[in-house]
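Good morning, everyone. Please have a look at the structure on the screen, and then I will walk you through it.

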Amino acid sequence: MLATRLPLFPLTTELAATPAGPTLTIGGCDLAALAQQFGTPLYLYDQATMDAAATSYREALARHYPSETGVTFAGKALMLTAAAQWVQRQGFLLDCTGAGELHIAATADLASHQILVHGVNKSDEDLAAAVAQAGVIVVDNPTELARLAQIATQGRTLPELWLRVRPGVAVETHAYRQTGQHDSKFGFSTEEAISAVAMAQAQGLPVTGFHFHQGSQFFDPTPIGPGIDTVLELVQTLYQQHGWLPTTISPGGGWGVAYHEDELPQPAVDEYIAFIAKRMIEGCHQRGLPLPRLQVEPGRSLVARAGVALYRVGAIKETPSRRWLLIDGGMADNPRPALYGARYSALPVTDPDRAILGPAWLAGPYCESGDVLIEDLPLPEIAAGELLAVPASGAYHINMGSNYNGARKPAVVWLRDGVAHLVQRRETVSDLTRRDLPLPFGA
Ligand SMILES: Cc1ncc(COP(=O)(O)O)c(C=O)c1O
């Protein structure tokens, strides 16, 4: 069990001998000791694993694409000050959705050339913050472009604008994670994009690129091919009709990660980038177009594997056909299984290589039958009070979490070179009422 599940965990995960028995360590830190120090549920991030993922993107781009390249971290996957600081140190752009995430980017001191803003229906506040803070705004629709044109007439200098287009093809993934199809709520149609570039040229708006994102958590890059072709067709038309060329094309992100041992081996970033780069090079060559800057936008494949969630088992329950392990977290810190049936795996923190007893169902404490984090996972006998470590927990957990049933958002701890840094404290009960105001009259 240990050998099969270990490749889901951060690269630095090891087993260390302790008085309590062999115990998992990450980044040189003992997980049982971390649970003791910071409480559970607890989110851990191994910086070495994030650094390695970043390097794999950088190296693959350099290996396969002979022109300018860049990486944008899709901040929606993990947004907190420490993560934004990490992005800055990697020299990546940080994708922020709206004024809220822009505030986090500002707290981390990111300069405008490191910030890109996404959003399907940006509010006035979002657009104003984006214009003030970002180096790039990815424009979602013609209405938004018109609003930006209006802002420009008020004397504001706009950042670079990239148009998000719907290529009409989605990747193979859960329907809730598909975005590239014709009927998607995201982006311009190709016809709208042609008019938008013409309008931008007429009004002197700095439209300099195209972006598309066809969906997330895919293992087969093939559908990105027609996506690239559609966008290059669009570029060819615009070049012929308006003499306009984009400086940047961004085929989004979405490359998958293994969440469960059935999905191993870990998908290779190099294979994904090689596919995109080849299609871009061939597509540009066939159409006589110069190679634009290639800007990829991964989220989960940079951070999911680096993150581990630690839970403590409270009660254990046997029902007619299930062994339930009731843990102290669940859909409030990780809504993905309830949202789209995401599958996970787990290991006991102490003595993780014990013989398997049989399947177990890991459920959280919240008042929803759908609050089941893991179904039908072979596990050893587990005692109440034991710790379980859930790998691949680094993306779309803590920022998608809620305060359902008064849940307090977990602490987040950053692990590096044997040192554990608290980067986000656990919420307290008083955080739950911090925004509340009493009724102005007695009950
Ligand atoms: C526009 C855009 N770019 C990039 C991503 C990143 O996807 P992933 O985290 O799967 O790489 C998303 C995810 O929703 C997205 O919507």
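The chain splits into domain 1 (2-39 + 306-433) and domain 2 (48-301). Those bounds come from an automatic or database domain assignment. A word on the model: it is predicted, so local features need pLDDT of at least 70 and side-chain atom pairs count only at pLDDT 80 or more, while totals for chains, interfaces and linings use all residues. Residues are numbered from 1 along each chain as its sequence is written.

Back to the domains. Their centres, taken over C-alpha atoms, are 33 Å apart. Where they meet, 24 residues of domain 1 are in contact with 22 residues of domain 2. Contact means that two C-beta atoms, placed from the backbone, lie within 7 Å. On the domain 1 side, helix 1 (2-5), helix 12 (336-340), strand 19 (411-416) and strand 20 (419-424) each supply at least two residues. Helices here are DSSP runs of H or I with at least four residues, strands are runs of E with at least two, and both are numbered from the N terminus.

Now strand 4, residues 42-46. Is it buried or exposed? Five of its five residues are buried. Buried means 20 or more other C-beta atoms within 10 Å of a residue's own, exposed means 12 or fewer, and partly exposed is in between, with C-beta atoms placed from the backbone. Leu42, Leu44 and Asp46 are on one side, and Tyr43 and Tyr45 are on the other.

Which strands pair with strand 4? Strand 19 pairs in the parallel sense, over five bridges. Here Leu44 stands opposite Val413. To count as a pair, two strands need at least two bridges found by DSSP.

Next, the barrel. Eight strands close it, in the order 5-6-7-8-9-10-11-12, with parallel pairing. Leu94 has Ile115 as its partner in strand 7.

One helix residue, too. Leu148 lies in helix 7 (residues 142-153). Leu148 is buried because 24 other C-beta atoms lie within 10 Å.

Last, the ligand. How many residues surround it? The shell has 17 residues, and the closest are Ala74, Ser216, Gly253, Gly299 and Arg300. A residue counts as near if its C-beta atom, placed from the backbone, lies within 6 Å.
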